[in-house]
Amino acid sequence: MVPDPLGGIAEHAMMVRPDSELAGLDVAAAISRGITAADVSRRVMFTDAAIAAAIEAEARGIGPYPVAILARVVRAGGVVGALRLPEPLIGAEPTILARSWLEAALAAGGTMEADLVFSRWLEMVATLLAVRRSARSGPEGADRDA
Amino acid sequence: MSALSDLQGCQSTIDSAWSIVAAPLLAATIDSALGVPAPDGSPAAISAQGGAYLKTGATCRQVAERLNDVAKNKLPAAWRGDVAETASQAISALSDDATTAGNVLVEAGKALQAWADNLGTAQRGDSSGRDMLHSAKSRLGPLGGFLSSFIEFSDPGDFVIAVEEARTGIASMVTAAALAQNSGQATASLLTYLADQARAERAESNGMDPLDAVVLASQQNAASDGGGDILTAAELTRASELMTGMSVAQQQEFERLLADAKSPEEAAYLMKALAAGNSVPVIERFDALIHPYGNDLAWLSQHLAPDLASGTYDGVDFFHWPNLQPGYGYDTYSQGGINDCVAASTVTALANLDPVFMLKLTTGDQPGVPGADSLSSFESRLHQAFISNYQTGQRADGDPGVYPKVDGGLGSTGENVLANSDLGTATGTPYHYVSLNGTGDNQAALSQVEQAVDSGQPVPIDVTNGNDSHQMVIIGSNGGNLEIYNPWGYSMWVSNQQFLSNQLGALTGKAPSWMPTAFAIELPSS
């Protein structure tokens, strides 16, 4: 259920952006742009693209924990190190998805700073996955997760 | 016999061939000389290796300068007293070692490039000498001069020319062989000397006196058979870059840990932990656990870098990795539609990169507790690393309300996505729970919230209407507004003022059931 902001008190009006609007967002391109430029592109990477990535991951059955571990591998060994993993996320489709993100990050970066930015982005995706799961599994979320 | 002495023998024969009757001997000697191999090797490859040494040497010198600056200027400016002096001396020692390494590498690089030049010159000289010998040989005729004095030379002048060519040619080859031999030997001696010098420098800076990057880089892992440095050169570079980016306070704290290390090996693991991207507070906790064993090299090696290939140490079955084939482990732990498993190969990769993670696997961060580092405990933790034990316990209990948990004690303990779950541990970013009890608390937290999200770190936020609660995540900020993601499937921008005054209701529906009040957030601790 997406709330109607105008249904509330007028001065509380807030911009709402449903997840459905992010369907089809080119996550890889957003990663590349966001790593290269630390401005609006970076913010889009960490907000819109991270949400879109979490939804894509969720659709492939990926939980938050393996994404968090992948973030940690990236931080410890760089994007290059993570690309050497045989299964960055378990399963054929998740591996393809993870590699598409990793390759976008590699194309844009190559520096340690870029590795750290991308690692944090993966942590953001993991957090979004976790909070989405908790909302679904909790008694509150069950009937609202439409 | 060396090529040089063989050619010198030929030269002596050729130089003594004055008369036309010596033509057959001349021809045979030319054949012998042509049979001696040319100076071997690729000047281009040697030169490239020399270039690589020069480049690395220059980097070492830069590192040394930076360390020297820390020791001479930054450390004394910010930290006084005996301990500071010790630390300064330690960093100076580190700088000295980096300088030595840089100098050694530069010397070696120069030597290799000189050797490459000489080898190239020798190969060209040898080649032109051979051309002359071939020419001389052809002048001696098809019978090789055997009947030369009677029938082969229509013009005796041809013999004279052949002798001149043979002498010039063999001289050129001898010079080339001498250059190759002498220069090669000199280069090898210099490289040996430089290696000895580097080892000697190392031996002087033993043990307690901390941290010289050079020593660290070459500390061997005791558990591996003659291989496996604790720190790779890439990790050392990474750690150095990360140190440069730290705040002064963090740098000092890390340098203090290095200075207090009981052995270069302990320090090497601290540097490795830094290279793996752990924050200084995390490394501090890590060091508190390993420091009691800082000079027990076998213990360090067993618990921080066990030999995963064999799973044994000193012939005793120790920490043993199970099958690392893709697919291992997840049948057992499949959790319905959501896969929270991690490939064994990924866990292995991370454990090898990050000693903080490895210590958790081998000791459960409880070194010294009897049984904590037993094989069965290790295997149990390893299995937990393949999956997350996050939520699994509660699910096994049949409790559907894992997050958020409405227990009537809102804000007291806090159910956290990050702080209390394995997720926080997994990412390695420590989070802490902050209760919010009104505008004052919100005001105090706001700048930290903005700082966190500006650096790409999510801030979970719990809201309530007094009865129900709900967790969302602050994911962005933009000059006075915060973007908050609601896992019900949308995100919203709210003003800072709305956050401060607990007017967040529209994020969760309509009055009166909406949840306008933030009662807790989770903030990254570093």
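## A bridge within chain A

A:Arg132 and A:Asp19 form a salt bridge in which the closest N and O atoms are 3.0 Å apart, the term denoting a side-chain nitrogen of Lys or Arg within 4 Å of a carboxyl oxygen of Asp or Glu. Because A:Arg132 belongs to helix H5 (residues 112-137) of chain A, whereas A:Asp19 sits in the loop between strand S1 (15-18) and helix H1 (27-36) of chain A, the pair ties together parts that are 113 residues apart in sequence. Helices (H or I, at least four residues) and strands (E, at least two) are DSSP runs, numbered from the N terminus. Both A:Arg132 and A:Asp19 are buried, that is, under 20% relative accessible area, with exposed meaning over 50% and partly exposed in between (1.4 Å probe, protein chains only).

## Basis of the model

This is a predicted model, in which local features need pLDDT of at least 70 and side-chain atom pairs count only at pLDDT 80 or more, while totals for chains, interfaces and linings use all residues. Residues are numbered from 1 along each chain as its sequence is written, chains are lettered from A and ligands numbered from 1 in the order in which they are written, and side-chain values use heavy atoms, with hydrogens and water left out.

## A bridge between chains

B:Asp354 and A:Arg72 meet through their side chains in a salt bridge of 3.1 Å, N to O. Since B:Asp354 lies in the loop between helix H14 (344-353) and helix H15 (355-363) of chain B, and A:Arg72 in helix H3 (residues 64-83) of chain A, the pair joins two chains. B:Asp354 is buried at a relative accessible area of 0%, and A:Arg72 also counts as buried, at 5%.
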